[in-house]
Amino acid sequence: MNDITEKVYRVIAEKYGSTIGRVERNMRHAIEVTWMHGSLEDIDSYFGYTVDANKGKPSNSAFIATIADAIRIKNLR
């Protein structure tokens, strides 16, 4: 998964004239804001029991993987 995450960050960084580090940091920030202010019902519907109870939110790669799976499943319907 880390290889995929690095590739995603690289593509986004190149497209928007940024760096991989900035993309990663902004992704962490977006997840943090979502966890603090997002709809708990929506968060639970996507992540449920998969989130580490000690950390309270998913890692960047776990977040990307979960959302990608949700999109794939939605597109199969």
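Author: One term to begin with: Ala, Val, Leu, Ile, Met, Phe, Trp, Tyr, Cys and Pro count as nonpolar, Asp, Glu, Lys and Arg as charged, and the others, Gly among them, as polar. The model is predicted, so local features need pLDDT of at least 70 and side-chain atom pairs count only at pLDDT 80 or more, while totals for chains, interfaces and linings use all residues. Residues are numbered from 1 along each chain as its sequence is written, and side-chain values use heavy atoms, with hydrogens and water left out.

Reader: OK. How do the residues lining the largest pocket divide by type?

Author: The lining has 5 nonpolar, 1 polar and 3 charged residues. A pocket here is an open set of points on a 1 Å grid over the protein atoms alone, where a 1.4 Å probe fits, with protein on both sides within 12 Å along at least five of seven lines; lining residues have an atom within 4 Å of a point.

Reader: How much space lies in the largest pocket?

Author: About 180 Å³. That volume is the space filled by probe spheres set on the points, which are joined across faces, edges and corners.

Reader: Which helix gives the most to the lining?

Author: Helix H4, residues 60–76, with 7 residues. Helices are DSSP runs of H or I with at least four residues, numbered from the N terminus. Asp-69 is one of the lining residues.

Reader: What does the side chain of Asp-69 meet in a salt bridge?

Author: Arg-72, at 2.5 Å from N to O. A salt bridge is a side-chain nitrogen of Lys or Arg within 4 Å of a carboxyl oxygen of Asp or Glu. Both residues lie in helix H4, 3 residues apart, about one turn of the helix.

Reader: Is Arg-72 buried or exposed?

Author: Exposed, because its relative accessibility is 51%. The cut-offs are under 20% relative accessible area for buried, over 50% for exposed, and partly exposed in between, with a 1.4 Å probe and protein chains only. Asp-69, at 38%, is partly exposed.

Reader: How many salt bridges does the structure hold?

Author: It holds 3. In another one, Lys-57 pairs with Glu-32, the closest N and O atoms being 2.8 Å apart. This pair links distant parts of the chain, 25 residues apart: Lys-57 is in the loop between helix H3 (40–47) and H4, and Glu-32 is in helix H2.

Reader: And which residue forms a salt bridge with Glu-24?

Author: Arg-28, with the closest N and O atoms 3.5 Å apart. Both lie in helix H2, 4 residues apart.

Technical notes:
Helices (H or I, at least four residues) and strands (E, at least two) are DSSP runs, numbered from the N terminus.
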